[in-house]
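Here are my notes on this model. Please keep the structure open as you read.

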Amino acid sequence: MAAEKMSQGRKRKKASEPEESSQAKRARDSQPSSQESSSSFLEDNDNKHEAGRIKKICMKNFMCHSLMSVDLNQKVNFIVGANGSGKSAILTALTVGLGARANVTNRGPSIREFIKKGKSSAAVEITITNEGPMAHKYDTYGPEITVIRNIGATSSYKIKNYEGVLISTKRNELENIVQALNIQVENPISVLNQDVSRNFLAVNDSKAKYKLFMKATRLDFIGKNYRVAYEASEIASQRLEEDRKVLLENEKEIEKIKKKLKTLESLDDHKLEYEALQKELQWAFVIQEEKKLLQIDVKIKEQEKVIDKLQNLEQTKASKEKEIDDKIENFNQEIKQNEAEASESTSKLKEINDQFLQAKKIYDEKRDKARNFHADIKRKETDIATLQNEIAKLEREHSVAGDKRQQARQRSSEVEQQLDEIEATLRTKQTDLMHLEENKRRIEQNENRLKINLNSKSENLNVLKRRLNSFQNQPNDALTVFGANMPRLIRRIEEEHNRGRFRQKPLGPIGSFIKVKDSSWIPAIESHLGFGTLSSFCVDNTQDAKVLEIIMKEVYRNDKLPAILISKFINQVHDVRDGCVNSPKYSNLLQIMEITNPIIANSLIDQRDIECVLLIPTSEEACTVMDGRTQQVPRNCRRAITKKADLFYPDPEYRTYGGFVNSKPRYLQVSANEAIQSLQEEISIAEQELELATQEFREMTQKKRTTIANLTEVQQQVRDLTRKQNQLRRELEDCRETIESCSDNTINTFRNELEELQRIVVQKKEEENHLLEEHRQCKKNVDSLSVELKRCRDLAQNLDARLNPIRDKIRELKDEKKRLSTSNQGAIRRMEEAKQHLQKLNGDHQQQQRVVNSKIEVAEQASPRIEIKQNSDHINHRIKELKLIIVNVEKQYGSKEVLIAELREKEEKFRDFRVAAIEAVKCNQRQLKRLQKRKKFYLDMKQRISERVQASFTNILSLRNYKGQITIDHNQTELILEVTPQNDAKRPTNDAKALSGGERSYSTVAFILALWDSTSLPFYFLDEFDVFMDKINRRIILDILLNFAKVNSRSQFAFLTPLDTSHIIADNSISIHRLEPPERNT
């Protein structure tokens, strides 16, 4: 049935009536009939052959066969042989011999690989029956067609008739034969090789099974034909659209001809208009000259006013000059007064400063002496309290005997000797301790310095790596030199500008608009302007700046934001010719830079005074130019820079600052590749510096550990010696106390000492009171001198601050006086020029009056005066246009009758072509409707074939009491097989992949038979279908296959198996071919 549908689709495409009848007849004859009995199959039908069956297969040097020939039965064939005997080679020879590609066989990628090893060529000969109603060119080929395919360096074909006569050597002829006889060697259902048979149900791929189903039933071919027809209809629609455009062009040409006719009809109106305009032109000339006369009158009046104004200006000049002189004199008196005060304050400042220092010195001495007196009194009072306690203690202990005096003296001598030794050792250790502590402090300072240096170099390396990473992520974006976030910021600005959030689109970064003419200056210019300026943005107003700041915070997050410069956008560079620095030898910063945007240039002029920065190559030259000693500093020069970025300020405030430059440019005129290369070099250097810094830090840390260990050891020794020293001192003190306590004179001595201390304390307190009074007087004197000193210093230091504004005002007044003098001289000159100009205007007025009179005479000869609203140029232009139109129309369009005839002819052709186009559109629409019906028929056919395959599969499974179904989903292009063997309903899954080998083979055969039942082909070849079956399943399958072959007697069947077929009885309708293993070369 699939072949029938396929034939009908091809028949409609080719529109071939003879083929249609033969195909339809063959389709009717090929319908399988389930009502045929096995007895009809056993009848003698040798005289009734069907075209397209394989009669004979011959192979020479093909795969494992040197020479082999197989004569096939027209009904059923069993080809039996052990593995390696060449069964599959026969199937491959059939497929290749009828024109299939090598990869269809799954036996090799190239046809040449089928040549037997050791041979240079091979040949396959296939004999096909060509009888019956479906025979192809019977008069030419007869009852048999022989196809010979030779395989060697190239592949060739020979097609012969039943007598062996060569008919054709073209592959196209073979394709015609195969198509006419409905032979489908590439259809896996017609020729099912062992790979497909063996792996069919082992692979759980529903889409692959669906593809097999579509290919077996030829539904994929029919669907392809539908798509081709639909595409052809689409192409026809496109051509119809082109024809419609041609119709529009023809319609435009007709309209052009109509316009030409209309133009010829309006030519008379143009001539009348031309004559009227000639008259208007004369009076337009009159009006034009009268306007010139009026303009001269206006200029005369304006010049008279200018002369009056200049006369008044001379009278006011003297009074203004006197007023300016008075102001200058007042300012000079004020300057002299301030200078006198400053001179007096300067001389007084030194005197008061000396007095202040002397008073401060006396105050400090009195304060220190008072503190010392107070501390001494406190010590004396402490000693008095101690003596009083000791005297009381001695009085209590005086009665106790002093037997221990002699022992105390002996022990005291021993302790003093030990104490001297300990103190000598302790002094040595304390000196060592002091040196170690100094070393530790110095090492810690060096360690902190190295740590800071190490962190700095590490952070610098990380910054360089982040910059390199940003460049590598955006290798083609040069804006990355201004920061990794800059490209994203530019995109966000463009997006917001397109949304209308900016009044004027912000411009930046500034560095991207700058090019330096001399590249050797780039590092110095980068250092002078700085990254902050080069990465900044210009905005037109404050509102745009706020929007831009929001966008920057969104892009940069926690990083530092680029600067925003607010400056009104002016699309013309400022005129700085009068204010820029000019030098015959050196350029200024503005001159050496090419700034592509005038707004950027204006911003740099306003913000950085680039027109006043002089570029001097070396510091020596800059020093010579800027110090003002050997030559005058160039006018308007505010600063100068060198190639090493040293900065110089000019005389009279000459000073200089050292700079730093990079070895290569980093921002200006730097491509992404150059930036990446430069960063890689910097990273390499930074890594070396980091490694060196790390090594130094480790060495210093190790040195610190060693010093700390030595210091700890010496500290412990000092503590031990100090502790021992203190013990010995306490012991020595105890011995001395014991000796003294036993002395009779100790109490009297203490009492005398107590009286003396009390007397000294009273005397010290009197002196302390006197010192405190002197200290208070000194403090008052120091405070008053400090106030006076500050006042005098302010007078001396702020003299310039007070005098500079006055001097500026004097300078401004002198400049104003000079301008008055200059303007007065100019006024006299302008007065003379104005009088001469007035005289000239009077002459022009008289001459213009004569011109007006002459023009009026000429115009009145043509017509009375006409009020004209248009000027003479417009009228003259219109006259020329009319004249050109009249001449061109008369020259170009020619006869009106010829144009009318041409118009009629084109309109007639347009109507005919339009009718044809409309009919073509309707025809294409009918074709589209037919395609829709054909698509519906195709979908219905897919559904019917699917249902038939599903029913056949279920019926064949039921022969073994199996249950199963085929689910075909055309939308998802999936085919799912579910099989449940007999007495196995409790199996957890019905997936065919979970079946045993015999069950899977039976299911495979059931599916193949279901497909066979839905197709009608001249032959079916099935290879190794039973290798996994047990004897019972195999016997049942063979009976089913034979019964199917009997029922479908119009087709030829061949079964290839390595197993025994002795239970099958050969007869006229069944042939068994047994193969011997071929000889193989080792």
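In which sense do strand 8 and strand 20 pair?

1. Strand 8 pairs with strand 20 (residues 1019-1023) in the parallel sense, over two bridges. Two strands count as paired if DSSP finds at least two bridges between them. Leu192 has Leu1022 of strand 20 as its bridge partner.

2. A word on the source. This is a predicted model, where local features need pLDDT of at least 70, side-chain atom pairs count only at pLDDT 80 or more, and totals for chains, interfaces and linings use all residues. Residues are numbered from 1 along each chain as its sequence is written, and side-chain values use heavy atoms, leaving out hydrogens and water.

3. The protein has 24 helices and 22 strands. These are DSSP runs, numbered from the N terminus: helices (H or I) have at least four residues, strands (E) at least two.

4. Five strands form an open sheet with parallel pairing, in the order 8-20-21-3-22. Its edges are strand 8 (191-192) and strand 22 (1070-1074), and each pairs on one side only. Helix 4 (residues 87-97) packs on this sheet, touching strand 3, strand 8, strand 20 and strand 21. Touching means contact, with heavy atoms within 4.5 Å.

5. Now helix 16 (residues 598-608). Its buried residues include Ile599, Leu604 and Ile605; buried means under 20% relative accessible area, with a 1.4 Å probe and protein chains only. The buried residues of helix 16 pack against elements including helix 13 (522-534) and strand 10 (537-539). Just after helix 16, Asp609 takes a positive phi of about 50°.

6. Overall, 40% of the 1082 residues count as buried.

Conventions:
Axes are lines fitted to C-alpha atoms, for helices over the stretch in contact, and angles run from 0 to 180 degrees between N-to-C directions. Buried means under 20% relative accessible area, exposed over 50%, partly exposed in between (1.4 Å probe, protein chains only).
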